[in-house]
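I opened this model to look up its side-chain pairings. My notes follow the order in which I checked them.

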Amino acid sequence: MKTAGEKAAASEKKTVAAGRSQTGPVDAAIAVLPGDGIGPEVMQEGLKILEAVGERYGHRFKFNRVMVGGASIDAHGAPLTDEALAACRKSDAVYLAAVGGPKWDNLGPERRPEKALLGLRKALGLYANLRPAKVEPALIEASTLKPEALKGVDILVIRELTGGLYFGRPRGREPLGEGQFRAVDTLIYTTEEIQRVVKTAFEAARKRRKKVTSIDKANVLESSRLWREIATEVGKSYPDVALEHMLVDNAAMQLIRNPRQFDVIVTENMFGDILSDEAAMLTGSLGMQPSASLGGKVAMYEPSHGSAPDIAGQGKANPLATILSGAMMLRYSFGLESEAQAVEAAVERVLARGYRTADIAQPGTIQVSTREMGDQVRQEILEA
Ligand code: NAD
(Lines give C-alpha, C1' and ligand atoms only; values in the text may rest on other atoms or scores of the structure.)
Protein backbone atom coordinates (compact mmCIF):
# COMPACT_ATOMS: atom_id res chain seq x y z
CA MET A 1 0.00 0.00 0.00
CA LYS A 2 1.25 3.47 -0.85
CA THR A 3 0.65 6.45 1.44
CA ALA A 4 -1.06 9.55 -0.02
CA GLY A 5 2.35 11.20 -0.16
CA GLU A 6 3.77 8.23 -2.01
CA LYS A 7 0.85 8.25 -4.43
CA ALA A 8 1.41 11.95 -5.13
CA ALA A 9 5.11 11.30 -5.56
CA ALA A 10 4.34 8.41 -7.90
CA SER A 11 2.05 10.47 -10.13
CA GLU A 12 4.58 13.33 -10.06
CA LYS A 13 7.33 10.91 -11.02
CA LYS A 14 5.38 9.69 -14.06
CA THR A 15 5.29 13.19 -15.51
CA VAL A 16 8.95 13.98 -14.88
CA ALA A 17 10.32 15.34 -18.13
CA ALA A 18 13.87 15.91 -19.27
CA GLY A 19 15.20 18.95 -17.47
CA ARG A 20 13.34 18.49 -14.17
CA SER A 21 14.79 17.21 -10.98
CA GLN A 22 13.15 14.72 -8.66
CA THR A 23 13.45 15.24 -4.94
CA GLY A 24 12.56 12.53 -2.45
CA PRO A 25 12.47 8.79 -2.88
CA VAL A 26 11.19 7.23 -6.07
CA ASP A 27 8.95 4.15 -6.08
CA ALA A 28 8.90 2.96 -9.69
CA ALA A 29 7.60 -0.04 -11.61
CA ILE A 30 9.91 -0.98 -14.47
CA ALA A 31 8.95 -3.35 -17.30
CA VAL A 32 12.05 -5.47 -17.87
CA LEU A 33 12.45 -7.01 -21.34
CA PRO A 34 15.58 -9.20 -21.42
CA GLY A 35 14.86 -10.54 -24.93
CA ASP A 36 17.25 -12.94 -26.68
CA GLY A 37 20.92 -13.87 -27.09
CA ILE A 38 23.11 -11.82 -24.72
CA GLY A 39 19.97 -9.87 -23.69
CA PRO A 40 19.29 -11.76 -20.44
CA GLU A 41 23.00 -11.67 -19.47
CA VAL A 42 23.44 -7.92 -19.86
CA MET A 43 20.02 -7.19 -18.37
CA GLN A 44 20.94 -9.07 -15.20
CA GLU A 45 23.81 -6.61 -14.71
CA GLY A 46 21.62 -3.61 -15.55
CA LEU A 47 19.14 -4.64 -12.85
CA LYS A 48 21.96 -5.25 -10.39
CA ILE A 49 23.00 -1.62 -10.82
CA LEU A 50 19.47 -0.21 -10.43
CA GLU A 51 19.16 -2.27 -7.23
CA ALA A 52 22.46 -0.85 -5.98
CA VAL A 53 21.20 2.69 -6.72
CA GLY A 54 18.00 1.90 -4.82
CA GLU A 55 20.00 0.58 -1.86
CA ARG A 56 22.46 3.49 -1.82
CA TYR A 57 19.98 6.36 -2.35
CA GLY A 58 16.75 4.97 -0.84
CA HIS A 59 14.65 4.40 -3.99
CA ARG A 60 12.48 1.40 -4.77
CA PHE A 61 12.48 -0.18 -8.22
CA LYS A 62 10.04 -3.01 -8.87
CA PHE A 63 10.89 -5.18 -11.86
CA ASN A 64 8.17 -6.80 -13.93
CA ARG A 65 9.70 -9.24 -16.43
CA VAL A 66 8.05 -9.20 -19.85
CA MET A 67 8.79 -11.61 -22.69
CA VAL A 68 9.44 -10.11 -26.14
CA GLY A 69 11.25 -11.00 -29.37
CA GLY A 70 12.31 -14.56 -30.15
CA ALA A 71 11.55 -15.74 -26.61
CA SER A 72 7.95 -14.56 -27.05
CA ILE A 73 7.70 -16.15 -30.50
CA ASP A 74 8.70 -19.50 -28.96
CA ALA A 75 6.29 -19.15 -26.03
CA HIS A 76 3.31 -17.35 -27.60
CA GLY A 77 3.83 -17.38 -31.38
CA ALA A 78 4.27 -13.58 -31.66
CA PRO A 79 7.19 -11.19 -30.92
CA LEU A 80 5.00 -8.75 -28.97
CA THR A 81 1.74 -9.92 -27.42
CA ASP A 82 -1.10 -7.61 -26.31
CA GLU A 83 -0.35 -8.63 -22.71
CA ALA A 84 3.32 -7.67 -23.07
CA LEU A 85 2.38 -4.31 -24.54
CA ALA A 86 -0.18 -3.68 -21.78
CA ALA A 87 2.44 -4.47 -19.13
CA CYS A 88 4.82 -1.94 -20.73
CA ARG A 89 2.10 0.71 -20.99
CA LYS A 90 1.24 0.52 -17.32
CA SER A 91 4.86 0.67 -16.14
CA ASP A 92 6.83 3.83 -15.30
CA ALA A 93 9.61 2.92 -17.75
CA VAL A 94 10.60 0.13 -20.13
CA TYR A 95 14.07 -1.42 -19.91
CA LEU A 96 14.95 -3.56 -22.94
CA ALA A 97 18.12 -5.52 -23.67
CA ALA A 98 18.09 -6.94 -27.23
CA VAL A 99 16.02 -9.19 -29.46
CA GLY A 100 16.65 -11.51 -32.41
CA GLY A 101 18.88 -14.35 -33.49
CA PRO A 102 19.45 -16.89 -36.27
CA LYS A 103 16.74 -19.19 -34.92
CA TRP A 104 14.05 -16.70 -36.04
CA ASP A 105 15.78 -15.27 -39.14
CA ASN A 106 13.58 -17.13 -41.62
CA LEU A 107 10.23 -15.90 -40.31
CA GLY A 108 8.17 -13.40 -42.35
CA PRO A 109 8.61 -9.66 -41.64
CA GLU A 110 5.51 -9.52 -39.38
CA ARG A 111 6.72 -12.33 -37.14
CA ARG A 112 10.41 -11.44 -36.80
CA PRO A 113 11.68 -10.62 -33.27
CA GLU A 114 12.65 -7.04 -34.31
CA LYS A 115 8.97 -6.37 -34.97
CA ALA A 116 8.62 -6.12 -31.17
CA LEU A 117 10.85 -3.01 -31.15
CA LEU A 118 8.92 -1.18 -33.85
CA GLY A 119 5.64 -2.20 -32.20
CA LEU A 120 6.77 -0.84 -28.83
CA ARG A 121 8.10 2.45 -30.27
CA LYS A 122 4.89 3.02 -32.18
CA ALA A 123 2.51 2.00 -29.39
CA LEU A 124 4.35 4.06 -26.76
CA GLY A 125 4.62 7.11 -29.07
CA LEU A 126 8.40 7.36 -28.74
CA TYR A 127 9.34 10.17 -31.12
CA ALA A 128 12.72 11.22 -29.71
CA ASN A 129 15.69 8.87 -29.74
CA LEU A 130 18.60 9.99 -27.56
CA ARG A 131 22.04 8.54 -28.13
CA PRO A 132 24.94 9.93 -26.16
CA ALA A 133 28.41 9.69 -27.63
CA LYS A 134 30.82 10.28 -24.79
CA VAL A 135 34.47 9.42 -25.06
CA GLU A 136 35.61 7.59 -21.95
CA PRO A 137 39.13 8.81 -21.14
CA ALA A 138 40.24 5.24 -20.40
CA LEU A 139 39.13 4.04 -23.86
CA ILE A 140 40.42 6.97 -25.92
CA GLU A 141 43.21 4.89 -27.46
CA ALA A 142 40.67 2.34 -28.75
CA SER A 143 39.15 4.82 -31.24
CA THR A 144 40.24 5.10 -34.86
CA LEU A 145 40.57 8.91 -34.45
CA LYS A 146 43.49 10.75 -32.87
CA PRO A 147 43.22 11.08 -29.06
CA GLU A 148 43.74 14.89 -29.20
CA ALA A 149 40.61 15.23 -31.39
CA LEU A 150 38.55 13.10 -29.01
CA LYS A 151 39.53 14.35 -25.57
CA GLY A 152 36.46 15.71 -23.77
CA VAL A 153 33.98 14.73 -26.50
CA ASP A 154 30.50 14.44 -24.97
CA ILE A 155 27.65 14.68 -27.49
CA LEU A 156 23.97 13.86 -27.19
CA VAL A 157 22.37 13.08 -30.56
CA ILE A 158 18.58 13.42 -30.61
CA ARG A 159 16.97 11.81 -33.62
CA GLU A 160 13.32 12.31 -34.56
CA LEU A 161 12.00 8.75 -34.62
CA THR A 162 8.46 8.57 -35.94
CA GLY A 163 8.30 10.95 -38.94
CA GLY A 164 10.19 11.92 -42.08
CA LEU A 165 11.25 9.80 -45.01
CA TYR A 166 10.87 6.44 -43.24
CA PHE A 167 7.13 6.91 -42.71
CA GLY A 168 5.95 9.36 -45.40
CA ARG A 169 3.28 8.42 -47.95
CA PRO A 170 3.12 7.95 -50.89
CA ARG A 171 5.86 5.41 -51.16
CA GLY A 172 6.37 2.54 -53.55
CA ARG A 173 7.31 1.59 -57.09
CA GLU A 174 5.69 2.25 -60.38
CA PRO A 175 6.63 0.14 -63.43
CA LEU A 176 7.69 2.21 -66.43
CA GLY A 177 7.88 -0.75 -68.82
CA GLU A 178 10.89 -2.46 -70.35
CA GLY A 179 12.17 -3.41 -66.89
CA GLN A 180 12.33 0.21 -65.69
CA PHE A 181 10.76 1.52 -62.45
CA ARG A 182 10.12 4.77 -60.68
CA ALA A 183 10.58 4.52 -56.87
CA VAL A 184 9.07 7.10 -54.55
CA ASP A 185 9.62 7.95 -50.86
CA THR A 186 8.07 11.03 -49.26
CA LEU A 187 9.61 13.31 -46.66
CA ILE A 188 6.92 14.92 -44.50
CA TYR A 189 7.17 16.91 -41.25
CA THR A 190 4.46 18.86 -39.46
CA THR A 191 4.99 21.84 -37.18
CA GLU A 192 4.01 19.81 -34.14
CA GLU A 193 6.35 16.91 -34.96
CA ILE A 194 9.27 19.33 -35.18
CA GLN A 195 8.29 21.37 -32.13
CA ARG A 196 8.12 18.43 -29.74
CA VAL A 197 11.49 16.89 -30.62
CA VAL A 198 13.25 20.26 -30.70
CA LYS A 199 11.81 21.02 -27.25
CA THR A 200 13.23 17.71 -26.01
CA ALA A 201 16.63 18.87 -27.27
CA PHE A 202 16.44 22.23 -25.49
CA GLU A 203 15.33 20.59 -22.25
CA ALA A 204 18.22 18.13 -22.45
CA ALA A 205 20.69 20.94 -23.26
CA ARG A 206 19.61 22.81 -20.13
CA LYS A 207 20.97 19.90 -18.08
CA ARG A 208 24.22 19.87 -20.05
CA ARG A 209 26.41 22.56 -21.64
CA LYS A 210 23.45 24.60 -22.93
CA LYS A 211 24.03 24.40 -26.66
CA VAL A 212 21.76 22.93 -29.36
CA THR A 213 22.89 22.31 -32.93
CA SER A 214 19.88 21.78 -35.20
CA ILE A 215 20.88 19.92 -38.35
CA ASP A 216 18.97 20.16 -41.62
CA LYS A 217 19.32 20.61 -45.37
CA ALA A 218 17.52 23.94 -45.54
CA ASN A 219 19.37 25.03 -48.68
CA VAL A 220 17.52 22.31 -50.64
CA LEU A 221 14.55 20.79 -48.75
CA GLU A 222 11.27 22.51 -47.86
CA SER A 223 10.80 20.19 -44.85
CA SER A 224 14.21 21.40 -43.62
CA ARG A 225 13.24 25.05 -44.09
CA LEU A 226 10.19 24.43 -41.88
CA TRP A 227 12.43 22.55 -39.42
CA ARG A 228 14.80 25.53 -39.20
CA GLU A 229 11.97 28.05 -38.71
CA ILE A 230 10.40 25.99 -35.92
CA ALA A 231 13.73 25.32 -34.22
CA THR A 232 14.41 29.09 -34.20
CA GLU A 233 10.92 29.76 -32.82
CA VAL A 234 11.19 27.12 -30.05
CA GLY A 235 14.65 28.45 -29.21
CA LYS A 236 13.15 31.82 -28.22
CA SER A 237 11.64 30.14 -25.14
CA TYR A 238 15.12 28.97 -24.08
CA PRO A 239 17.22 32.16 -23.91
CA ASP A 240 19.73 30.34 -21.67
CA VAL A 241 20.51 27.79 -24.42
CA ALA A 242 22.55 28.72 -27.53
CA LEU A 243 21.08 27.53 -30.84
CA GLU A 244 23.02 27.05 -34.04
CA HIS A 245 21.88 25.63 -37.37
CA MET A 246 24.11 23.43 -39.48
CA LEU A 247 23.66 21.78 -42.87
CA VAL A 248 23.81 17.99 -42.66
CA ASP A 249 26.77 17.60 -45.05
CA ASN A 250 28.80 20.06 -43.02
CA ALA A 251 27.72 18.30 -39.79
CA ALA A 252 29.00 14.94 -41.08
CA MET A 253 32.36 16.60 -41.68
CA GLN A 254 32.46 18.60 -38.42
CA LEU A 255 31.75 15.46 -36.35
CA ILE A 256 35.08 14.06 -37.53
CA ARG A 257 37.00 17.36 -37.79
CA ASN A 258 36.11 18.88 -34.42
CA PRO A 259 33.57 16.79 -32.45
CA ARG A 260 34.18 18.78 -29.25
CA GLN A 261 32.17 21.73 -30.65
CA PHE A 262 28.89 19.77 -30.20
CA ASP A 263 26.75 19.46 -27.09
CA VAL A 264 23.18 18.46 -28.12
CA ILE A 265 22.45 17.68 -31.78
CA VAL A 266 18.83 17.49 -32.93
CA THR A 267 17.82 16.34 -36.37
CA GLU A 268 15.20 14.57 -38.46
CA ASN A 269 14.86 10.81 -38.73
CA MET A 270 17.17 9.85 -41.61
CA PHE A 271 19.89 12.42 -40.89
CA GLY A 272 19.77 11.26 -37.26
CA ASP A 273 20.00 7.60 -38.24
CA ILE A 274 23.25 8.27 -40.08
CA LEU A 275 24.80 10.91 -37.80
CA SER A 276 24.10 8.98 -34.57
CA ASP A 277 26.08 6.01 -35.90
CA GLU A 278 28.88 8.32 -36.99
CA ALA A 279 28.95 9.96 -33.55
CA ALA A 280 28.85 6.55 -31.83
CA MET A 281 31.94 5.41 -33.70
CA LEU A 282 33.91 8.30 -32.19
CA THR A 283 33.66 6.48 -28.91
CA GLY A 284 34.59 2.94 -29.97
CA SER A 285 32.69 -0.23 -29.07
CA LEU A 286 29.04 -1.07 -29.64
CA GLY A 287 29.04 -2.60 -26.16
CA MET A 288 29.34 0.92 -24.68
CA GLN A 289 26.43 2.71 -26.43
CA PRO A 290 23.26 3.40 -24.43
CA SER A 291 20.05 4.93 -25.76
CA ALA A 292 16.72 6.33 -24.63
CA SER A 293 13.53 6.74 -26.61
CA LEU A 294 11.22 9.39 -25.20
CA GLY A 295 7.90 10.83 -26.22
CA GLY A 296 4.80 9.33 -24.65
CA LYS A 297 4.06 8.77 -20.96
CA VAL A 298 6.37 5.75 -20.77
CA ALA A 299 9.92 5.95 -22.14
CA MET A 300 12.10 3.05 -23.27
CA TYR A 301 15.81 2.50 -22.53
CA GLU A 302 18.01 0.05 -24.41
CA PRO A 303 21.61 -0.56 -25.46
CA SER A 304 22.30 0.26 -29.13
CA HIS A 305 23.70 -3.20 -29.85
CA GLY A 306 21.82 -6.33 -30.88
CA SER A 307 21.56 -9.78 -29.31
CA ALA A 308 25.10 -10.82 -30.37
CA PRO A 309 24.30 -14.54 -30.89
CA ASP A 310 28.00 -15.21 -31.60
CA ILE A 311 28.91 -14.63 -27.94
CA ALA A 312 25.62 -15.44 -26.17
CA GLY A 313 25.83 -17.57 -23.04
CA GLN A 314 29.63 -17.25 -22.76
CA GLY A 315 29.87 -14.44 -20.20
CA LYS A 316 31.73 -12.32 -22.76
CA ALA A 317 29.13 -9.62 -23.40
CA ASN A 318 29.84 -6.06 -22.31
CA PRO A 319 27.01 -4.98 -19.97
CA LEU A 320 28.04 -1.29 -19.88
CA ALA A 321 25.68 -0.12 -22.67
CA THR A 322 22.77 -1.65 -20.73
CA ILE A 323 24.01 -0.21 -17.43
CA LEU A 324 24.41 3.25 -19.00
CA SER A 325 20.91 2.95 -20.51
CA GLY A 326 19.71 2.39 -16.93
CA ALA A 327 21.46 5.66 -15.97
CA MET A 328 19.50 7.42 -18.73
CA MET A 329 16.30 5.99 -17.23
CA LEU A 330 17.20 7.45 -13.83
CA ARG A 331 17.81 10.83 -15.50
CA TYR A 332 14.92 11.10 -17.96
CA SER A 333 12.09 9.04 -16.46
CA PHE A 334 12.68 9.61 -12.76
CA GLY A 335 14.52 12.96 -12.67
CA LEU A 336 17.35 11.39 -10.65
CA GLU A 337 20.21 13.38 -12.13
CA SER A 338 22.76 12.80 -9.37
CA GLU A 339 22.03 9.08 -9.28
CA ALA A 340 22.47 8.94 -13.09
CA GLN A 341 25.78 10.74 -12.76
CA ALA A 342 26.81 8.36 -9.96
CA VAL A 343 26.31 5.37 -12.29
CA GLU A 344 28.22 7.08 -15.13
CA ALA A 345 31.05 8.02 -12.78
CA ALA A 346 31.19 4.45 -11.42
CA VAL A 347 31.56 3.10 -14.98
CA GLU A 348 34.31 5.63 -15.66
CA ARG A 349 36.21 4.63 -12.50
CA VAL A 350 35.93 0.90 -13.24
CA LEU A 351 37.37 1.52 -16.73
CA ALA A 352 40.08 3.77 -15.30
CA ARG A 353 41.09 0.94 -12.95
CA GLY A 354 41.67 -1.20 -16.05
CA TYR A 355 38.68 -3.57 -16.01
CA ARG A 356 37.55 -4.57 -19.52
CA THR A 357 35.24 -7.09 -21.15
CA ALA A 358 36.73 -8.84 -24.20
CA ASP A 359 35.33 -6.35 -26.76
CA ILE A 360 37.24 -3.40 -25.27
CA ALA A 361 40.26 -5.25 -23.85
CA GLN A 362 43.72 -3.86 -24.64
CA PRO A 363 47.18 -5.05 -23.66
CA GLY A 364 47.78 -4.45 -19.95
CA THR A 365 44.10 -4.34 -18.95
CA ILE A 366 42.24 -6.78 -16.69
CA GLN A 367 39.80 -8.93 -18.66
CA VAL A 368 36.56 -9.70 -16.83
CA SER A 369 33.28 -11.47 -17.55
CA THR A 370 29.86 -9.84 -17.98
CA ARG A 371 28.99 -10.57 -14.35
CA GLU A 372 32.32 -9.41 -12.96
CA MET A 373 32.01 -6.11 -14.83
CA GLY A 374 28.53 -5.60 -13.28
CA ASP A 375 29.93 -6.47 -9.83
CA GLN A 376 32.71 -3.90 -10.19
CA VAL A 377 30.28 -1.12 -11.12
CA ARG A 378 27.93 -2.14 -8.30
CA GLN A 379 30.73 -2.00 -5.76
CA GLU A 380 31.79 1.46 -6.98
CA ILE A 381 28.23 2.76 -6.51
CA LEU A 382 27.85 1.32 -3.04
CA GLU A 383 31.26 2.54 -1.88
CA ALA A 384 31.20 6.01 -3.48
P1 NAD B 1 24.92 -7.19 -32.84
O2 NAD B 1 24.91 -5.80 -32.30
O3 NAD B 1 24.14 -8.19 -32.09
O4 NAD B 1 26.44 -7.72 -32.94
C5 NAD B 1 27.43 -7.11 -33.77
C6 NAD B 1 28.83 -7.49 -33.25
O7 NAD B 1 29.06 -6.76 -32.03
C8 NAD B 1 28.96 -8.97 -32.88
O9 NAD B 1 30.27 -9.40 -33.18
C10 NAD B 1 28.73 -9.01 -31.39
O11 NAD B 1 29.38 -10.08 -30.74
C12 NAD B 1 29.29 -7.66 -30.95
N13 NAD B 1 28.57 -7.15 -29.79
C14 NAD B 1 27.31 -6.62 -29.77
N15 NAD B 1 26.97 -6.27 -28.53
C16 NAD B 1 28.01 -6.58 -27.73
C17 NAD B 1 28.24 -6.46 -26.34
N18 NAD B 1 27.34 -5.96 -25.49
N19 NAD B 1 29.44 -6.89 -25.86
C20 NAD B 1 30.37 -7.38 -26.68
N21 NAD B 1 30.22 -7.52 -28.01
C22 NAD B 1 29.04 -7.12 -28.53
O23 NAD B 1 24.42 -7.09 -34.35
P24 NAD B 1 24.15 -8.25 -35.41
O25 NAD B 1 25.14 -9.34 -35.27
O26 NAD B 1 24.01 -7.57 -36.69
O27 NAD B 1 22.70 -8.80 -35.00
C28 NAD B 1 22.47 -9.94 -34.17
C29 NAD B 1 20.98 -10.05 -33.91
O30 NAD B 1 20.55 -8.92 -33.15
C31 NAD B 1 20.14 -10.05 -35.18
O32 NAD B 1 19.08 -10.95 -35.00
C33 NAD B 1 19.64 -8.61 -35.27
O34 NAD B 1 18.46 -8.51 -35.98
C35 NAD B 1 19.45 -8.30 -33.81
N36 NAD B 1 19.50 -6.84 -33.49
C37 NAD B 1 18.70 -6.44 -32.47
C38 NAD B 1 18.76 -5.13 -32.06
C39 NAD B 1 17.91 -4.71 -30.89
O40 NAD B 1 17.38 -5.54 -30.19
N41 NAD B 1 17.79 -3.41 -30.62
C42 NAD B 1 19.63 -4.22 -32.67
C43 NAD B 1 20.46 -4.69 -33.68
C44 NAD B 1 20.38 -6.01 -34.08
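The entries below cover aromatic pairs, charges over rings, one serine and some salt bridges.

Entry 1, aromatic pairs. I am working from a predicted model. I looked for ring pairs and found three aromatic pairs. One of them is Tyr189 with Trp227, edge-to-face, at 5.5 Å centre to centre and 75° between the planes. This pair links distant parts of the chain, 38 residues apart: Tyr189 is in the loop between strand 7 and helix 7, and Trp227 is in helix 8. I then checked burial. Tyr189 has a relative accessible area of 8%, so I noted this residue as buried. Trp227 is buried as well, at 2%.

I went on to Phe202 and Tyr238. Their ring centres are 4.9 Å apart and the planes are at 15°, which is under 30 degrees, so I logged the pair as stacked. Phe202 belongs to helix 7 and Tyr238 to the loop between helix 8 and strand 9, so this pair ties together parts 36 residues apart in sequence. Both Phe202 and Tyr238 are buried.

I found the charged end of Arg196 over the ring of Tyr127, 4.2 Å from its centre. I also found Arg173 over the face of Phe181, at 5.8 Å from the ring centre.

What does the side chain of Ser276 make a polar contact with? The partner is the side chain of Arg131, at 3.4 Å. Ser276 lies in helix 10 and counts as buried, at 3% relative accessibility. Leaving out residues up to four places away in sequence, I see Ser276 touching Arg131 and Val157.

The structure holds 29 of them, and I looked up three. Lys48 and Asp375 meet at 2.5 Å, N to O. Lys48 is in helix 2 and Asp375 in helix 13, 327 residues apart. Lys48 is buried at 15%, whereas Asp375 is partly exposed at 29%.

Asp263 pairs with Arg208, the closest N and O atoms being 2.8 Å apart. Each partner sits in a loop, Asp263 between helix 9 and strand 10 and Arg208 between helix 7 and strand 8, so the bridge ties together parts 55 residues apart in sequence. I have Asp263 as buried at 1% and Arg208 as partly exposed at 22%.

Arg225 and Glu222 meet at 3.0 Å, N to O. Both lie in helix 8, three residues apart, about one turn of the helix. Arg225 is partly exposed at 33%; Glu222 is exposed at 54%.

Last, I noted one network in which salt bridges with shared partners join Glu45, Lys48, Arg371 and Asp375.

Technical notes. Residues are numbered from 1 along each chain as its sequence is written. This is a predicted model: local features need pLDDT of at least 70, side-chain atom pairs count only at pLDDT 80 or more; totals for chains, interfaces and linings use all residues. Side-chain values use heavy atoms; hydrogens and water are left out. Rings of Phe, Tyr and Trp (its six-membered ring) pair if their centres lie within 6.5 Å; planes under 30 degrees apart count as stacked, over 60 as edge-to-face and the rest as tilted. Helices (H or I, at least four residues) and strands (E, at least two) are DSSP runs, numbered from the N terminus. Buried means under 20% relative accessible area, exposed over 50%, partly exposed in between (1.4 Å probe, protein chains only). A charge sits over a ring if NZ of Lys or CZ of Arg is within 6 Å of the ring centre and within 35 degrees of the ring normal. A polar contact is a pair of N or O atoms within 3.5 Å; within protein, one must be able to donate a hydrogen and the other to accept it, and residues adjacent in sequence count only if both atoms are side-chain atoms. Contact means heavy atoms within 4.5 Å. A salt bridge is a side-chain nitrogen of Lys or Arg within 4 Å of a carboxyl oxygen of Asp or Glu.
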